[in-house]
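Q: I have a structure to look at and have not seen it before. Can you walk me through a few spots?

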Amino acid sequence: MRRVLLRLFFVLALPALLVAAWWLASDDSTDVFWPPLRTIMQTFPDVWTAQRLEDDVLPSVLRLTGGYALAAVVGVAAGTVIGSYRRVRAVCEPVLEFLRAVPPPVLVPVIMLFAGIDDTMKVTVIASGCVWPILLNTVEGVRAVDSVMAETARSYGIKGPARLTRLVLPSASPQIFAGLRQALSIGIILMVISEMFAASNGLGFTIVQFQRSFAIPDMWTGILVLGLLGFLLSVVFQLVERRALAWYHGLRASARRSP
């Protein structure tokens, strides 16, 4: 119990300190673009009603989920193939290095030409940015499969789908999840950016509309909602990762305990 309370203290101490510092620093502010945190918090419940959450937050989450899931499937599948075959890796590596260097927001106008301005465009933008950390981490994870384990699997005749599901993917899964974690933060950024272009709902659209109408406290509440959404998604991801990589964390814990 004491350990849980101590961990909870460390988790909440810094956010509480930052909120307190923001509250004190902005309390006497008369700048229209820097309203007091007290004003922002008073505005929050009036702006983010259940109806607005359904109309703006839910579509954003659905777009993010669709683009993120698409990037995960493509990134893990392509990364597994590229990492498994040296010749494929030699052919694809220059192209991958070129494409991943292109900032995804730059591609928004190009994607709009082919995918239109509906949700397909927004999901494609999110996927185009999220796929690279997943793909590259998957490639490195597959390449780093233990050679002894690979030889053991070969000697026992384990190959094909069995080798993929029993050896390659489990061995690469820590790095795959590292790529998925990086992609999540990129996906949230691209979700907002994509909704700033030819959108009629979503968090990005709403925040821009508040800014254009000079509803500055309302705009700040949108930024807070975006931060809370990112925090919630991070917590969910950690729970999934901890469950999926329980064996890996167990191995690391036993290694630390061993003399």
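What follows is a short chat about a few residues and helices.

Q: What kind of model is this?
A: This is a predicted model, where local features need pLDDT of at least 70, side-chain atom pairs count only at pLDDT 80 or more, and totals for chains, interfaces and linings use all residues. Residues are numbered from 1 along each chain as its sequence is written, and side-chain values use heavy atoms, with hydrogens and water left out.

Q: Where is Ser60, and is it buried or exposed?
A: Ser60 sits in helix H3, residues 50-84. Helices are DSSP runs of H or I with at least four residues, numbered from the N terminus. Ser60 is buried, because its relative accessibility is 0%; buried means under 20% relative accessible area, exposed over 50%, and partly exposed in between, with a 1.4 Å probe and protein chains only.

Q: What does its side chain reach?
A: The side chain of Ser60 reaches the backbone oxygen of Asp56 at 3.1 Å.

Q: And which residues is Ser60 in contact with, leaving aside neighbours within four places in sequence?
A: Met191, Glu195, Gly202 and Leu203. Contact means heavy atoms within 4.5 Å.

Q: Which residues of H9 are buried?
A: In H9 (residues 203-212), they include Leu203, Gly204, Thr206, Ile207, Val208 and Phe210.

Q: What covers them?
A: The cover includes H2 (37-47), H3, H8 (161-195) and H10 (216-244).

Q: What follows H9?
A: Phe214, with a positive phi near 60 degrees.

Q: New topic: where does Val11 lie?
A: Val11 lies in helix H1, residues 2-26, and is partly exposed at 46% relative accessible area.

Note on methods
Helices (H or I, at least four residues) and strands (E, at least two) are DSSP runs, numbered from the N terminus. A polar contact is a pair of N or O atoms within 3.5 Å; within protein, one must be able to donate a hydrogen and the other to accept it, and residues adjacent in sequence count only if both atoms are side-chain atoms.
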